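I opened this model to look up its charged pairs and the contact between its chains. My entries follow in the order I made them.

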Amino acid sequence: MTLLMTAAILDFALRRRRPLTRRAFQKVLYFAQLIGWQSHFRFRLGTAGPFSSEAAAVLESLAAIGAVTVTGSNLSAGPALKEILRELRDARLTEVLKKLDPLLGMSTEDLDLLATVHFIFESDRKARLAPQEDSVVAEVRQYEGARHGDDQIRKSMKQLNELALLGA
Amino acid sequence: MKTRGSIRDPVHGQIDIYPEELEVIESSWFQRLRHIRQLGLVNHVYPGAEHTRFSHCLGVMHLAGKAVGAICGDIGIGHEETEHYVRLARLAGLLHDIGHAPFSHVGEADLFPKGIGHEDVGARIILEELADTIDSCFKPFGISADEVRRALRGLAPDFHFVTEVLTGATDVDKMDYLLRDAYFCGSRSGEFDLTRLLTKVTAAWTEPENRGLRTVVYRYGALHALEEFLLARYWMFNSVYYHSVVRQLEILLARALKEVLQPLGGHYPEELAEYLDWTDEKAWTLIAESKGRWSEHLRKRRPFFQRIYSVAPSSDKSAAVRFASLRMALETKFGDRIVADEPRVSVKFYSDDEEGSRAPVRVETHTGDFVAIRDESAVLKTIPDAAIPYRIFAEPEIGDEAAALAEEHLKGLSR
């Protein structure tokens with residue numbers, strides 16, 4: 001169901017935000033997996049936060065069948081998207097999309113940061129390090145260099161907490 | 001103080017071992033790797049592939065020290081600091097796969113608790129089980145267990161090149177596994193000029209995609225060795241790692257493992273004391289005793305998942321269209337009873353900066369600039385973008401029906 005589900009999430013994201021870049025869509029898929037979609041995508045820290053080569057490959061497949069049009073780094077609905085989604089019947093999807101909604105208004109840079117903060121927090125948590133805000137801020141700064149200030153990183157942590165995404 | 005020892009290795013000849021490293025190697029956690037095969041079930045197709053994560057990790061340790069030593073020498077890092085980085089890289093290389101589950105990568109996306117990977121388990125083993133040994137034995141070198149973890153996870157900007165040597169696009173993990181896997185499989189496909197790469201590796205500050213970090217690059221003259229390395233990876237993925245029968249067996253094994261893990265909730269135990277026992281032998285024993293459907297299929301080696309579609313990698317866009325269209329049709333009809341191999345783009349490491357993947361493989365030009373190899377190599381431009389075969393498998397019970405649907409669908413596409 002990977003292609004269909006990815007197409008459905010893409011369709012939802014395109015209706016909520018323009019432009020949608022490939023980089024932002026990587027983060028949308030990262031959070032989709034986190035909040036309940038069981039995909040096989042494996043995310044690692046890339047140059048702009050979590051990145052999955054499997055997700056990139058699926059996006060290429062969707063482009064190949066005309067479900068999405070890729071123009072430079074921007075994504076738009078392809079001619080076949082509507083037809084493809086006509087076949088989709090999956091009750092789990094509604095819940096995933098509902099939870100994704102608050103994230104889709106964010107800029108690509110804010111999504112990058114949110115996903116990066118989450119990834120690093122979770123890495124620490126999974127290593128049983130009981131991550132604290134200060135330690136996560138320090139590690140994000142270590143990974144990101146001077147791309148974002150401490151305040152922005154703390155704000156992202158707060159957002160993740162409000163969305164109940166830390167430790168999810 | 002104990003003197004340095006050495007181990008004979010079929011790939012690298014002789015691997016020197018420092019006494020502090022021996023303390024780690026002798027731990028039950030590292031010894032466990034003797035019982036985790038490097039290539040899952042590849043030995044069912046290439047009978048020589050009986051090697052384990054144990055020898056691979058020794059090889060990665062060996063190469064990590066050599067690569068970091070070469071980089072430090074080239075960029076003018078002092079003796080004391082070089083020793084620190086070399087010993088750190090060796091230790092991190094030794095431990096980079098310490099968290100692997102039975103049969104290495106088979107089914108790992110589905111067999112760990114949600115969101116956990118072998119790297120996360122490895123981090124815990126380093127911090128919870130090996131920290132005392134590391135912190136005491138490596139104190140003279142200023143190395144802590146947490147520094148090892150940070151080096152492996154890319155959370156160490158001061159020595160980011162060490163992370164890249166261990167987990168970057170041209171890391172020593174790949175260098176070792178290509179050579180080692182080719183050797184044990186009896187294949188020539190994984191060979192490349194290792195000496196040339198280790199002679200020409202260095203580090204430089206590259207902007208902007210690598211966040212201003214000093215990253216691994218290659219000196220002028222490494223181009224053809226890099227081409228060999230990337231081609232070796234391409235060939236090994238096609239002929240060994242994604243061999244059709246290997247994939248069919250691995251799909252069965254992943255489902256059989258899921259069955260025998262059901263009493264534990266369908267995944268490997270979170271408690272490290274229990275996880276320590278999970279080796280290939282333990283998993284095989286449970287599969288041998290299991291009454292589960294997939295375990296039985298695996299024991300009998302029949303019936304396999306049916307191969308519905310298999311096309312060699314191709315640069316032709318129509319191949320991608322046919323694969324994606326067929327996959328969509330089959331997934332729509334049969335859902336999760338269909339398994340498709342993703343034609344992952346990362347195999348070539350033609351990094352796409354706009355997507356935020358990895359920093360590209362960079363090589364020096366004759367003018368002294370470091371450029372992405374994708375812009376410099378005429379040879380690599382000829383490799384297909386989808387660097388593993390386009391493959392779709394179906395559960396045996398729906399195999400004939402799926403094959404008929406596939407035939408019909410592909411006929412429709414040809415019209």
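**Entry 1: Glu108(B)**

I looked up Glu108(B) and found that it counts as buried, at 8% relative accessibility. Buried means under 20% relative accessible area, exposed over 50%, and partly exposed in between, with a 1.4 Å probe and protein chains only. Glu108(B) is found in helix H5 of chain B. Helices (H or I, at least four residues) and strands (E, at least two) are DSSP runs, numbered from the N terminus. Leaving out residues up to four places away in sequence, I list Arg42(A), His100(B) and His118(B) as touched by Glu108(B). Contact means heavy atoms within 4.5 Å.

**Entry 2: Basis**

I note that this is a predicted model, in which local features need pLDDT of at least 70 and side-chain atom pairs count only at pLDDT 80 or more, while totals for chains, interfaces and linings use all residues. Residues are numbered from 1 along each chain as its sequence is written, chains are lettered from A and ligands numbered from 1 in the order in which they are written, and side-chain values use heavy atoms, with hydrogens and water left out.

**Entry 3: Chain B against chain A**

I took the contact next: 47 residues come from chain B and 47 residues from chain A. The two chains bury about 4,000 Å² between them, 55% of it on carbon and sulfur atoms. Buried area is the accessible area (1.4 Å probe) that two parts lose on being put together, summed over both.

I counted 7 salt bridges between chain B and chain A. A salt bridge is a side-chain nitrogen of Lys or Arg within 4 Å of a carboxyl oxygen of Asp or Glu. Helix H5 (108–111), H6, H8 and H17 of chain B are the elements that give two or more residues to the side of chain B that touches chain A. H17(B) gives the most to that side, with 9 residues. The residues on that side of chain B divide into 15 nonpolar, 10 polar and 22 charged. Ala, Val, Leu, Ile, Met, Phe, Trp, Tyr, Cys and Pro count as nonpolar, Asp, Glu, Lys and Arg as charged, and the others, Gly among them, as polar.

**Entry 4: Pairs between the chains**

I found a salt bridge between the side chains of Arg42(A) and Glu119(B), at 3.1 Å, N to O. Lys126(A) and Asp120(B) also meet in a salt bridge, at 3.6 Å, N to O. This pair crosses from helix H6 (residues 108–126) of chain A to helix H6 (residues 118–129) of chain B. Lys126(A) is buried at 16% relative accessibility, and Asp120(B) is buried at 6%.

**Entry 5: Pairs within chain B**

The search of the whole structure gave me 44 salt bridges over all chains. In one of them, Arg149(B) pairs with Asp146(B), with the closest N and O atoms 2.9 Å apart. Both lie in helix H8 (residues 145–153) of chain B, 3 residues apart, about one turn of the helix. Arg149(B) is buried at 4% relative accessibility, whereas Asp146(B) is partly exposed at 29%.

I then looked up Arg337(B) and Glu395(B), whose side chains meet in a salt bridge at 2.8 Å, N to O. Arg337(B) lies in the loop between helix H17 (317–334) and strand E6 (338–341), and Glu395(B) in the loop between strand E9 (390–394) and helix H19 (399–414), so the pair ties together parts 58 residues apart in sequence. Arg337(B) is partly exposed at 33% relative accessibility, and Glu395(B) is buried at 6%.
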